[in-house]
Each structure stands twice: as C-alpha cells, then as structure tokens.
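Colleague: I would like to learn how to read aromatic pairs and nonpolar cores. Please show me the case first.
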Amino acid sequence: MAGQVAAEAVTAGCDLILASGGDGTINETVNGLVGSKVLFGILPAGTANVLANELGFAGRPDHAAKQLLHAIPVRIALGAMDAPGRTRRHFILMAGIGLDARIVYELDLKLKNRLGKLAYWHGGFRQFGRPVPRFHISINGSQYCASFAVITRVRNYGGDFEIARRIKLTDNDFEIVVFQNEQWKDYLRFFGAIMTDRLHDTAGVVVTRATQVEVTAPEDERIYIQIDGEAVGVLPAVISTVPDALTLLMPKRYADR
C-alpha cells in the first residue's frame, strides 16, 4: 500500500515524501520511489526502525522531524532481490538468509503486537535444537556453504547490535557476513564475537564485500529470505546493488563519515 501511494505521488509531481513507520513501511515506500529524484525522509515509528538507528535520527517522530530540517539529500544505492517467478524487490537495509529469515517467517504476529522486538527474541529461542539447514552462496567467484548470511547496506542489525562493521549507506556495495556453522553451539560463539567485534577473526565466519551474490538451496530444503525484516519467500535468489537509486535525507555527520 505505501509503495503504491509513493509511486502515485511521484507521478503527480511530488518533490518530497516522508514515511512514518517501522522498517516494513519504509521498505514499501522505497519500492515506490526507486529511480525517482524525489527527496525521501523518515519519521521513525512501528516495532523497530533500523534505518533511524543507522542514520542517527531520534526514535520519536516529532524529534526526528526537527532533525530533518537540517538533513541533507544524498543519492544512494539500494539492494535488489531477483527470484524466479517473482517481481524484483528492492531494499534499503539488508537481506537475511537462513536462520533470521526463518524466525521472521514463523513470527507470531499477535505476540509482536504485544511485545514488539521481544517477539523476535522469543522466535530466536524457539529455534534452539532444531536442524540447521544449509545453503550455497556465491560471492566474487567463491562458493560457501552456510546456515545464515547477512547481505547488508548498514551496520545496525535489528536496532540492538552490529554484525557488519565497515559498511555505510553511501557505499555502492554490500558487506556480506557468512556463517558456516554446523552445530547450534557455534551460534553462541558467533554471538560472543559480534558483541566483542571479533567476527573478522572468528573461525567459520566469512566477512567480505561485493555488489552481487547468488544464493541457492538443496532441492529438498526450504531456505527462507527476509528483506528489511519482512519475509519475502525462499531460495534461489540473486541479490545485487542498484546504484543511484534513491535520494535519502540524512544527517550531515552520517553523510560525511
């Protein structure tokens, strides 16, 4: 709905669009703006707003509105997911494949409405002890077998911590973090490495950069994909960057990093 409203506003000649909501609403709006020259700003609300955290906007929409008065327009790239039989889907934040996408896919929406972000933690704890399905990801000619991968344009993950540490929205590529574990206990080790900024030196983890990745799954496995916190289907998929795709209003201090 938000994407359609945004696209209609572009056609009508609007030169500024503000979206108020969480990551899902922001994503829908962005998909209606791709390729246009319209200025886009955010007023954070909803369950979570990773983009606001990333850019340094206040969590309250009235405070963020004041910050937007001093924000500057920056042309940025977006991510895009192409999958057989589906319309291309753009994203501003990240694509998650495997573990976190399964959590999103199975999320109890009633619990989310009551508990907010805590519902995602609840969904994560429910995964313990379950089989860890694996998939194949191709990056810059190298092949990896993984159980979880984050293909991201931002450092912030879920509003609580950082997985990627060296990416920013003004870059034209992805930072990609691939987890190659086979046992659940490895996730505890990975989580410790995230909290101490040691992922780059952790066995079983690959951190790299690319503008395109191809992801496939065994025929007998359903491996889920999430984009900006929304479930969008299963593998296979090709995920790539789209340069010069959106004009985003951001604080100058972020743009100058």
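**Reading rings and cores**

Modeller: Tyr 105 is partly exposed, at 45% relative accessible area. Buried means under 20%, exposed over 50%, partly exposed in between (1.4 Å probe, protein chains only). This is a predicted model: local features need pLDDT of at least 70, side-chain atom pairs count only at pLDDT 80 or more, and totals for chains, interfaces and linings use all residues. Numbering runs from 1 along each chain as its sequence is written, and side-chain values use heavy atoms, without hydrogens and water.

Colleague: How is a pair of aromatic rings described?

Modeller: By the distance of the centres and the angle of the planes. Rings of Phe, Tyr and Trp (its six-membered ring) pair if their centres lie within 6.5 Å; planes under 30 degrees apart are stacked, over 60 edge-to-face, the rest tilted. Here that rule gives three aromatic pairs. One of them is Phe 91 with Phe 174, stacked at 6.0 Å centre to centre and 15 degrees between the planes.

Colleague: Which parts does this pair tie together?

Modeller: Phe 91 lies in strand E4 and Phe 174 in strand E11, so the pair joins parts 83 residues apart in sequence. Strands (E) are DSSP runs of at least two residues, numbered from the N terminus. Phe 91 is buried, at 0%.

Colleague: And how do I read a nonpolar core?

Modeller: In soluble globular proteins, nonpolar side chains tend to be buried together. A core is a set of buried Ala, Val, Leu, Ile, Met, Phe, Trp, Tyr and Cys residues joined through side-chain atoms within 4.5 Å. The largest one here has 52 residues; Phe 40 and Leu 55 are among those with the most contacts inside it. Strand E16 gives the most to this core, six residues.

Conventions. Helix = DSSP H or I, 4+ residues; strand = E, 2+ residues; numbered from the N terminus.
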